[in-house]
Each structure stands twice: as C-alpha cells, then as structure tokens.
Amino acid sequence: MNKLLMEENDRLQKQVSHLVYENGFMRQQIQTASATTTDNSCESVVMSGQHHQQQNATPQQPQRDANNPAGLLAIAEETLAEFLSKATGTAVDWVQMIGMKPGPDSIGIVAVSRNCSGVAARACGLVSLEPTKVAEILKDRPSWFRDCRCLDILSVIPTGNGGTIELIYMQTYAPTTLAAARDFWTLRYTTTLEDGSLVICERSLTNSTGGPTGPPSSSFVRAEMLPSGYLIRPCEGSGSIIHIVDHVDLDVWSVPEVLRPLYESSKILAQKMTMAALRHMRQIAQETSGEIQYGGGRQPAVLRTFSQRLCRGFNDAVNGFTDDGWSLLGSDGGDDVTIVINSSPNKFLGSQYNASMFPTFGGGVLCAKASMLLQNVPPALLVRFLREHRSEWADYGVDAYSAACLKASPYAVPCARPGGFPSSQVILPLAHTMEHEEFLEVVRLEGHAFSPEDVALTRDMYLLQLCSGVDENAVGACAQLVFAPIDESFADDAPLLSSGFRVIPLDPKTDAPATTRTLDLASTLEVGPGGTRPASEADTNSYNLRLSSNVGPKTLPGSPEALTLAQWICRSYRIHTGGELFRVESQAGDALLKQLWHHSDAIMCCSLKTNASPVFTFANQAGLDMLETTLVALQDIMLDKILDEAGRKILCSEFSKITQQGYAYLPAGICVSSMGRPVSYEQAVAWKVLNDDDSNHCLAFMFMNWSFM
C-alpha cells in the first residue's frame, strides 16, 4: 500500500502545479467579469466576463458577498489551489508523525506541520468505499468529529462546473473547563477534477478573504480554518485513496498560558480530526463488508450512536452552555470544583430521552466538574487505572442514585441513598474499533444492601461505558473514560447522563524538565428539589476527593488492626523460619508497622479460605507498587491472577510444605501486576500468619529484589 500511495503522491504533485497555473488564469478572468451581469449563476458570470473588455485601467476586485456568486467562486478556487498545494505539495513543512503503527493494518501515512501559521496535519490512506460514499461521510462531520457540537449549512450555491459552494457555521466543544469553546464560519467547496478525483475544500471567511459575515456568538471564540479539505481519488477494486488536510488557527493567545500547548499541538489535531476521519471510514468499510462481528445482536450503527451520545453528553457537561439551560449554582469553597444545574433539561436532552425521568413537580440535572494539572502522569495509564479500579474512586451510593434516576420516581427507590460499600464490577464488552483505540462496554456493579430491610430490594446496576486512548504509544492522543447508568433492558433509546474523565497530554514546545497533564472531570446527577440537592452535591464531590487521594502518594494505614497484623506477620515469620523479618529500631507502638510498610521487598497477605481462590488483603508500599494498585482495590486481586503458569505450579507443589512446616522458599520467577505489566523477582518466601491464639489467619508472601521487566 505504501508504494501505491507514494506513486499517487508523485502524480498529484505534478497535477497540482498544473491546477495552480489554471487557477491563476481563471482568477484573472473572474476579475474582469462584468459588473452589470444580472444572471446569478456562477457559470454565466464567469463566461460573460471572458468576452468583456475592462474599460478602466485598474481591474476591480469583485464584491465578495452572498449576493455575488462570482466572488464566492473566486474564494473557492483560491481555496482549492491552496488546499491541493498542501495535500500533495510543500506549501507546509510536513514531518512524518512518529509512533504510527506500521504494516498492512496501518490507517495510512500521517504527517504534522512544523513552524507554520496555526497547526496542521495531513494524512493519506486507502479505504474500500466509493468516492461518493467517502464524501458523504466526510461532510457529515458531527458523525465522526467528537468535538463538533453543531454544523449548520446556511446557504448552498451551485456552480457552473457541477460543484457546490456552501456557507457553514460550526460550533465545537472546549476540551476542558478552563477555556472558551471555538466556532468557525467557513466556505466549503465541492467539485470534481479533470481526472475524476473528488475534492472537498474549506476555509474560513474573514475580512482578508472577503465574503459575507458569519453569525455572532458571545459564548465562543471565533477560530480560523485555513485552506483544508479532502482529495478523494477512485482506486481499482471500488476503493478510494484519500488525502486529508486539517489546518486551523485556534487563537492560542486567548487561552491560559498553561493550556496553550494543547492549542499549539499539531499531533493533537492529527489524532482528534485527521486520523479520526480515516479511522471512522475504515470502520464503516469493515462493517459494510461484514468483517466485524458484534455480540449481543446489536447493529454497528446503534453501538456507534451510543458512543457518540456518551461523548456528546460528557462534552455538554464540561462546557455547560447557557443556551442548553445550564446555570452556575456555586462551588465547594475552592476554585477547583464548579457546580452547575440545569432546571430545563429538555433543552439539551432532546426527544431521545424519556420525559418520565423528570418529575412534573420540579427537578433537573446537577453537574460538578473540575480540571486539574498532574505532573508526569501518562493519560493511558491513568485511564486504565480508573477503569480497572472503580472501587477506588467511585462511591456506590452515587452509582445507586444515578441508576435510580432512570426510574419514573427515583425518590421512591429505597436503595438510592448516599454512602455505601465498595461494589465489585464485571465488565462485559460490546464493541471496539479496528485498532482497539476505543471500546464500548457494559459494567455490571453487584448490588449491596444498605440495611437489613433493603436486602430484598438490592439489585445489580449497569453502566454503559466508553473507554478510549489507552494505547501508551499513541502520540498526542487524549485518553477518556465516560460512563452513564443504563437500565437492564438496554434499549436503543435509553436515556444517558454522562459522567467521566478526560486526560489530555500537554506537551510544551519548549524543552521543559517535566511535562504536565491536565485531567478534566464532569459528573452529572439528576436531583430533585429541596433537600435532595445537598446530599447529591456531597456525593458528587466524593468523586473528586477520592480521585485526588489515589493519584497522590500512598499513606501509611494507621488503624489498630493494621498494627496487630504487622505484629502477627513478624512474629509468625520468626516462629517458622527462626530468623527476623527485619530489626526493630524502636519500641514505639507503630515502629513495627512503619518498618513493615517501608520495607524494600514486596510483602503482602492473602486470605486462607477453603473452596475459594486466595484474595489479597494487605500489602506494604512496595507490594502496592509491584501490583500497581492501592489498599482499597487490593481486595479485588486474586493470587492466581498475578502468578504465571510456572509460578502457580511451583506454589501448588510447595503448598503442602507450607501447611506442614509453616513456610517455604520459592525460586526466582515472573508475576504480573494488576495493570498487566510483567514483574521479575529473585526469590520469594511464603509463610502462614498466626493470630494470638496460634490459629491460621492468612498467608504472607515476600517477593525479594523485584523489578518491572
């Protein structure tokens, strides 16, 4: 495929030179058009101008407004020439984007701009779709560009060559809560070249280009789209070769300085727009050919709609536009968390949502959102942690209350109460994209009773969840985890109130000693009037507080049970092996626990239950680091899941020795962390931990000189 694309690129570079020459000639002809022409078609204006002699010595620039198609055609042809010079030429200094997946499964050749005005990205790829189908998909920008809030075609003007000129107003979402959203006022030109290639090119209409003035909007910052577009050439075998150019100026000086790298990154533009378009078309091509099979009897289009609705709901929550009905409610006293409420949710929920969600006597949607900066946290790693260790940051009571919002009367559901116990989760996959950069799944949360009288009413809860950007090698990609409670019926038109996390890489242009990341969070909860709101407000805050504690340094557990367990671990080791686990430097009450906690070797305990897999119950800091988990999430990890096959066989063969003599030494081996990373260790020792009555309490392990591979 690479050879085919290189040959295509050489051919188009020669063609673009010819088109630039023709465009210059056509522009001279248009500028001599008669000012008295009454025919409004582009063709008649151009043709009459070819035979009209200009009486004045200085040619006049035609008036470029909506009432002069010739002026718009001139802008369109200039846009076409500039776009082609970028798509197949050297009008922009292109450098190949690193980190792209090579081989036959690659989406194509991707390049990003270097030292140009604004940010730009270019891609060339091959898809098994007809050119007209490709054009239809690419024009429907909201279907594949997740940041597109709306796209309105305000005017359509046919041209004499069979093409069309469209005047478009587009609004986009802001990725964080820290800067205003952007909008665009553009001219889009669709035409066919002499060789049969289809071209869709677009640029902003500004004072310098001429043309009509776009609609004003006080909630947005007007950004500029420089000549961009799509060149679609038919290919043998009913496929298409596609050249994509995205070139924008996002007015970087209007955003806070810390966020400017986000608006100056060509790599982020490539991931969010250029590569997203290619991936979307390849996905549709695979679905059309039947190469992708989905479970659960769901059509691919339905699952794509679910993904789009989850993202759109999250973006709506992050931006909180006033024309959607959002209004500022207050904050928690700090600058980090913003709370907004929507008392008219039908403004943004639309007809796809069930009106029974909102009681006739009042109610609305409460949203708490925050942005924060994190140092040296890879987006993919953080989102994988959030996905796999939900009990670390999610409050079961909040999940229960969110699930209760799907009922006709959520206030009558006894289990929808604040607070609660950690719940285990089961992830059920639904669909994934071709390169697994995004996947849709259902999360089942096991129900718990909050009191004896609630036992009969407890039930499992379900979340529809979208996870993307978990590939650590993807350059410039943001990672995202968005979820919404869903009824067990899982209807196609099920209402979705999105919450979640977005982690965006901020890679500054300058050589800084450390890169920073920004995390965006928005949680939406339906609330009723009166006294219901404060409880839900506190519950929503628990998302932020729990997350903050997870990404910070681990703290020493100081409960009496932890002190007792530390004494049992050390005493049992001495009884069984005859040696000391470590030398106690102080006789203070917590000295033993501190030394155990800060020991360089990974020490952990797991349960000893018959007919059940051993589950970890305690680990020191080194143990948590080795397993890449926390004390709360530790209880979800089973011993046999971290050992490889050889380790499990050795443990089984040595288990009788552990039972009889109380301990056993295990040879060097390899285990796996909760995040899937392999860990090697030089030796391990296992021993029974006895309580004060010398009864078996748990099984302890110590992995010596461990390291990630």
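How many salt bridges does the structure hold? The structure holds 17 salt bridges, a salt bridge being a side-chain nitrogen of Lys or Arg within 4 Å of a carboxyl oxygen of Asp or Glu. The points below take up some of them, together with strands and cavities.

1. Basis of the note. The model is predicted, so local features need pLDDT of at least 70 and side-chain atom pairs count only at pLDDT 80 or more, whereas totals for chains, interfaces and linings use all residues. Residues are numbered from 1 along each chain as its sequence is written, and side-chain values use heavy atoms, with hydrogens and water left out.

2. Asp93 and Arg114. These residues form a salt bridge in which the closest N and O atoms are 3.2 Å apart. The pair links distant parts of the chain, 21 residues apart: Asp93 lies in the loop between helix 3 (69-87) and strand 1 (94-96), and Arg114 in the loop between strand 2 (109-113) and strand 3 (119-127). Helices (H or I, at least four residues) and strands (E, at least two) are DSSP runs, numbered from the N terminus. Asp93 is partly exposed, with a relative accessible area of 38%, and Arg114 is partly exposed at 42%. Here buried means under 20% relative accessible area, exposed over 50%, and partly exposed in between (1.4 Å probe, protein chains only).

3. Arg149. This residue is placed in strand 4 and counts as buried, at 8% relative accessibility. Its side chain meets that of Asp323 in a salt bridge (3.0 Å, N to O). The pair links distant parts of the chain, 174 residues apart, with Asp323 in the loop between helix 7 (300-319) and strand 12 (326-331). The side chain of Arg149 also makes a polar contact with the side chain of Gln171, at 2.8 Å. A polar contact is a pair of N or O atoms within 3.5 Å; within protein, one must be able to donate a hydrogen and the other to accept it, and residues adjacent in sequence count only if both atoms are side-chain atoms.

4. Other charged pairs. Side chains of opposite charge can pair when their charged atoms come close. The side chains of Lys649 and Glu645 meet in a salt bridge (3.5 Å, N to O). Both residues lie in helix 16 (residues 645-661), 4 residues apart, about one turn of the helix, and both are exposed. Elsewhere, Lys139, Glu166 and Arg188 are linked in a network of salt bridges.

5. Strand 5 and its partners. Strand 5 is largely enclosed by the rest of the structure, because 8 of its 9 residues are buried. Strand 4 (residues 148-158) runs antiparallel to strand 5 and is joined to it by 9 bridges; two strands pair if DSSP finds at least two bridges between them. Leu151 stands opposite Met170 in strand 5. The two strands form a hairpin with 5 residues between them, and Gly162 in the turn has a positive phi of about 90°. Strand 5 also pairs with strand 6 in the antiparallel sense, over 8 bridges, and Ile165 stands opposite Tyr189 in strand 6.

6. The largest cavity. The structure holds 8 cavities of 30 Å³ or more, and the largest has a volume of about 290 Å³. On a 1 Å grid over the protein atoms alone, a cavity is a set of points where a 1.4 Å probe fits but cannot get out, and lining residues have an atom within 4 Å of a point. Grid points are joined across faces, edges and corners, and a volume is the space filled by probe spheres set on the points. The largest cavity is lined by 21 residues, of which Phe145, Asp147, Thr172, Leu250 and Lys272 lie nearest its centre. Strand 5 (164-172), strand 6 (181-192), helix 5 (260-263) and helix 6 (266-289) each supply at least two residues of this lining, and the largest share, 4 residues, comes from helix 6. The lining divides into 16 nonpolar, 2 polar and 3 charged residues. Ala, Val, Leu, Ile, Met, Phe, Trp, Tyr, Cys and Pro count as nonpolar, Asp, Glu, Lys and Arg as charged, and the others, Gly among them, as polar.

7. An open sheet is formed by 3 strands in the order 24-25-28, with antiparallel pairing. Its edge strands are strand 24 (669-672) and strand 28 (707-708), each pairing on one side only. Strand 24 pairs with strand 25 (residues 678-681) over 4 bridges, and the bridge partner of Gly669 in strand 25 is Tyr681.

Note on methods:
1 Å grid on protein atoms, 1.4 Å probe; cavity = no way out; pocket = protein on both sides within 12 Å on 5 of 7 lines; lining within 4 Å.
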